[in-house]
Amino acid sequence: MLLIKLWNYLRGYVIIKITGEYVERLLNQAALKGIYLWDVRRVDDKALIARVSVGDFFSLSRLTRKTRCRIFILRRAGIFFMFYKLRRRKILLAGAVLFVAAIYFLSSFIWSIDVNTQDPELKKAVESDLRQWGLKEGTFKYYLDKKYYLDKILQKHKEIAWGEIRVKGSRLVVELVKKKMPPELEENTPCDIIASKDGIIEEIIPLKGEALVKTGDTVSAGDVLITGRVAIKSDQSQKDQKNQEDQSNVLLVHARGIVKARTWYQKAVRVPLVKEEKVPTGQVKKAYRLQLGKSALKFQWGRIPFALYETETAGETRLLPESLGDIKFSIIIYREIQTKKEFLGVEKAVQEAEKQLLEQLESLPENIKITRKKMDFTLDSDEKNVIGSLTLEVIEDIGKEQKF
């Protein structure tokens, strides 16, 4: 219904008043002939007001003779009549067209970039990065690859948990949410230092609290390494050994210290001997989509002539202000791709596996010391892939505060 009204608004319609003894008969005849009238409103027993398109108006006029009714045009409305009135004022019409074209042209660019995050330093860093990557004011917003820039942001700023880039009018909005780290305990809150992972203790320096492990001990994740419960024995307890437990006190402190342990990391990758890569051929086909709220109409000429293709949506534009309805127009681009196969062989596959394993080292914590690195490469059971494995032995601080 909304689409029909929008179509008639573009083509032009008239608001008419129908009078006569048999106005209902005229409506019935119009329905039988397929003449569409909307916003029908009765004025009195012999008159009603309705809207009808320009084309149907003439068909409706021919029916008035049979039903003995008369039709009066109250008002002409729609884009067609607006331009019809302006046909004699060509300069004004040309100015209006140029003005609309200029507004449309200027609205095709990004004029402001808003990075929304609660961290001012992160906001400043992302704004600077976007400018360095070429995304700044004046960038043409159509065909803007938002996923490309979002991936670059997430790859560079590991502290971001979620991000989104969207174009709102001529404004680029970047929404970022930082990862929430567990709150640090206050200085005077009693706690233990526990092991965050399995390992062998290399060094332990209790700065506050009492160490429960020593160098060379094997610990598991969750084991208490430095306790914040420090036993204090009174003088009376030294005199009377039988009542030692009754006479002792426990002082609760905020345990602190350095606990370095030997730990291990393992990484593995699989690289096929025959590498398959999807390569665009440069052939594209376009379709157009008109979205009306939750419904969408797709306009496409012919079938998609590609057996293998990727789909991309670009140039999404809101046709009307948001208050008048959620009506958007966008272009769907089908890009033909072909699968390109390259035989790597064992030697090149091993080189590729080694490269991928070394890239994974970048995800390791910065404050670790690598003491041993071992790489192994082997063919899988089908002899179609090279399996690369990396084992790292490192020394790192595994102490983590845990409240009682």
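Arg335 is partly exposed, with 32% relative accessible area. Its salt-bridge partner is Glu312, also partly exposed at 29%. This is a predicted model. The structure holds 18 salt bridges.

**Salt bridge Arg335–Glu312**

- The side chains of Arg335 and Glu312 meet at 3.0 Å, N to O.
- Arg335 sits in strand 19 (residues 327-343) and Glu312 in strand 18 (residues 309-318).
- The two residues are 23 apart, and the pair links distant parts of the chain.

**Salt bridge Arg51–Asp39**

- Arg51 forms a salt bridge with Asp39, with the closest N and O atoms 3.4 Å apart.
- Arg51 belongs to strand 3 (residues 47-53) and Asp39 to strand 2 (residues 37-44), so the bridge ties together parts twelve residues apart in sequence.
- Arg51 is partly exposed, at 23% relative accessible area.
- Asp39 is partly exposed too, at 42% relative accessibility.

**Salt bridge Asp129–Lys156**

- Asp129 and Lys156 pair through their side chains at 2.9 Å, N to O.
- Asp129 lies in helix 6 (residues 120-132) and Lys156 in helix 7 (residues 146-156), so this bridge ties together parts that are 27 residues apart in sequence.
- Asp129 is buried, with a relative accessible area of 6%.
- Lys156 is partly exposed, with a relative accessibility of 48%.

**A salt-bridge network**

- Glu164, Arg166 and Glu175 are linked in a network of salt bridges.
- Side chains of opposite charge can pair when their charged atoms come close.

**Helix 6: length and ends**

- Helix 6 has 13 residues, which at 1.5 Å a residue should span 18 Å.
- Its end C-alpha atoms are 19 Å apart, in agreement with that expectation.
- At the start of helix 6, a side-chain oxygen of Asp119 comes to within 3.0 Å of the backbone nitrogen of Glu121.
- Just after helix 6, Gly134 adopts a positive phi of about 95°.

- Leu122, Val126, Asp129 and Leu130 are the buried residues of helix 6.
- These residues cover an arc of only 100° around the axis, which puts them on the same side of the helix.
- Pro120, Glu121, Lys124 and Gln132 are exposed on the other side of helix 6.
- The buried residues pack against strand 5 (112-116), helix 7, strand 6 (160-168) and strand 7 (171-178).
- Asp129 is one of the buried residues of helix 6, and the side chain of Asp129 forms a salt bridge with Lys156.

**Arg262 and its surroundings**

- Arg262 is placed in strand 15 (residues 256-272).
- A polar contact of 2.7 Å joins its side chain to that of Glu393.
- Leaving aside residues up to four places away in sequence, Arg262 touches Gly199, Ile200, Glu202, Thr371, Glu393, Val394 and Ile395.

Key:
Residues numbered from 1 in each chain as written. Predicted model: local features only at pLDDT ≥ 70, side-chain atom pairs only at ≥ 80, totals over all residues. Heavy atoms only, no water. Helix = DSSP H or I, 4+ residues; strand = E, 2+ residues; numbered from the N terminus. Polar contact = N/O pair within 3.5 Å; in protein donor to acceptor, adjacent residues only side chain to side chain. Contact = heavy atoms within 4.5 Å. Salt bridge = Lys/Arg side-chain N within 4 Å of Asp/Glu carboxyl O. Buried < 20%, exposed > 50% of the residue type's maximum accessible area, 1.4 Å probe, protein only. Expected span 1.5 Å × (residues − 1). Arc of directions from axis to C-beta.
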